[in-house]
Amino acid sequence: MMKAPRGTRDLLPPDTNLWNRVEAKVRDVLARYNYHEVRTPIFEDTQLFSRSVGEETDIVSKEMFTWEDRGRAQSDKAQSLTLRPENTASVVRAYIEHGLFKTGTLQKLYYIGPQFRRERPQKGRYRQFYQIGAEIIGPPSAGSESPLRDAEVLDMLATLLDEVGLRGWQLQLNSVGCAADRARYNQALRQALQPVLHQMCDDCKRRAETNPLRVLDCKVPEDQPIIERLPRILQYLDEPCREHFAAVRAMLDAVGIAYVINERMVRGLDYYTRTTFEFTHGGLGSQNSVLGGGRYDGLSESLDGPKAPGIGFAIGEDRLVLALESEGETAVEKIQAYVAPLGTGMNVPAIKLARELRRAGVSADLGDESLRLKKSFDLAEKAGARFIVIVGENEVASDQFTVKNLASGQQVQIARAELAKYLSHNS
Ligand code: HAM
């Protein structure tokens, strides 16, 4: 039997109902904050990711699906292409490529779509997963550097999660400063790690060499007391970065958005500057980050674009759905009516009636005259219908239909002209 590749999955009904409900709500909230959709290709030049996400990150060094694409002619040079592991780099590339900076305004762009990382699959971690993300990017003259942007993004996310109906989320906040701050911090970490490194796990030993920040990500229990005593990033911020972070916090406090400072939160991408954040949820197990994001003030320039500071986030949609399910959210969607033709020759009047109802806005499913009444009731219940509408010879003759409420058992006769209204008002 053929199976979907490791780390991928089929999303089937009724689960897809919940996915669509989430996406509809997200589009609604994003529109209220004046975001507009952007759709970028699913694969890009490999260099786009190595230059933005960073050569040394796990994503680029081990998790990308990359292949050599031969040109049509023998003489064409092969090009290295990669399935996108994230979408921020593509959005910034598109921003530069299409000269969106020339508008002189802030671009508020969102996307919904699959991303690909060759990770070890587990609950909440897949090789093809879905992100709902957004970026605000623009010239400093349009206010792109302001801490107000950071606060507005976080406010939007809190509103979005509330409106989607997720309750138990927590906002974790940090600042990774600017490149100079991080260089000083890395230096301090290296120094602090040197005398204790022999007691730490092999991964930490390696990370201390290549990227000491990653040591903070270590989950090995024995290493935790050592990590807790390491220097803290917030002590290494320069004055402008410190002020920026204080302004973001003050606005969150003023708006009433609760957060915890997590100085150990190390985001897995190199482009971040200043504010970084994750929203976590207790129902997710070890992959507890529903979404992550932050500022990337130098990303456009590192891709040969103009100075265009930005901030954004990506929600892991798979995880958001899992978190909602852990809170008891169900995917089942009811339909209003099940139209059941009863007896030979009843399919024709039944399809006419179902058509009328559907055109009047009633959600309806349709049986078949070959089914016995008991089977029709069975199927109506399985379809999640609130009412069954019987189309038999008597009904057709009188133009009055037998309508039964499947939950209460109550049965009434309703005239054709009143039927759509009756079904809509009572379901
Ligand atoms: P990220 O933290 O790598 O950030 O991913 C964002 C979210 O995607 C995670 O919090 C998680 O919910 C989900 N996610 C990541 N990997 C997987 C996976 N293998 N399976 C399921 N879900 C996953 C970014 O991608 C940045 N581009 C976010 C951003 C936008 N920063 C600024 N703008």
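1. In this predicted model, the side chains of E356 and R416 meet in a salt bridge, with 2.8 Å from N to O; the term stands for a side-chain nitrogen of Lys or Arg within 4 Å of a carboxyl oxygen of Asp or Glu. E356 belongs to helix α12 (residues 347-359) and R416 to helix α15 (residues 416-425), so the pair ties together parts that are 60 residues apart in sequence. Helices here are DSSP runs of H or I with at least four residues, numbered from the N terminus. E356 counts as partly exposed at 38% relative accessibility, and R416 counts as partly exposed at 24%, where buried means under 20% relative accessible area, exposed over 50%, and partly exposed in between, with a 1.4 Å probe and protein chains only.

2. A salt bridge also joins the side chains of R295 and D297, at 2.7 Å from N to O, and both of these residues are buried.

3. Within helix α7 (residues 202-210), D203 and R206 lie three residues apart, about one turn of the helix, and their side chains meet in a salt bridge at 3.1 Å, N to O. D203 is partly exposed, at 38% relative accessibility, and R206 is likewise partly exposed, with a relative accessible area of 44%.

4. By the rule given in point 1, the count comes to 29 salt bridges. K25, D28, R32 and E163 are linked in a network of such bridges.

5. Turning to the nonpolar interior, a nonpolar core is taken as a set of buried Ala, Val, Leu, Ile, Met, Phe, Trp, Tyr and Cys residues joined through side-chain atoms within 4.5 Å. The largest such core has 67 residues, of which Y35, L171, F277, F279, F313 and I315 touch the most other members. Helix α5 (residues 147-164) supplies the largest share of this core, eight residues. Apart from it lies another core, of 19 residues, including F49, A89, V176 and L303.

6. Leaving aside residues up to four places away in sequence, F313 touches Y111, I132, G133, A134, E135, V153, M156, L157, F277, L291, G292 and G293, a contact being heavy atoms within 4.5 Å.

7. On the basis of these values, residues are numbered from 1 along each chain as its sequence is written, and side-chain values use heavy atoms, with hydrogens and water left out. Because the model is predicted, local features need pLDDT of at least 70 and side-chain atom pairs count only at pLDDT 80 or more, whereas totals for chains, interfaces and linings use all residues.

Methods:
Helix = DSSP H or I, 4+ residues; strand = E, 2+ residues; numbered from the N terminus.
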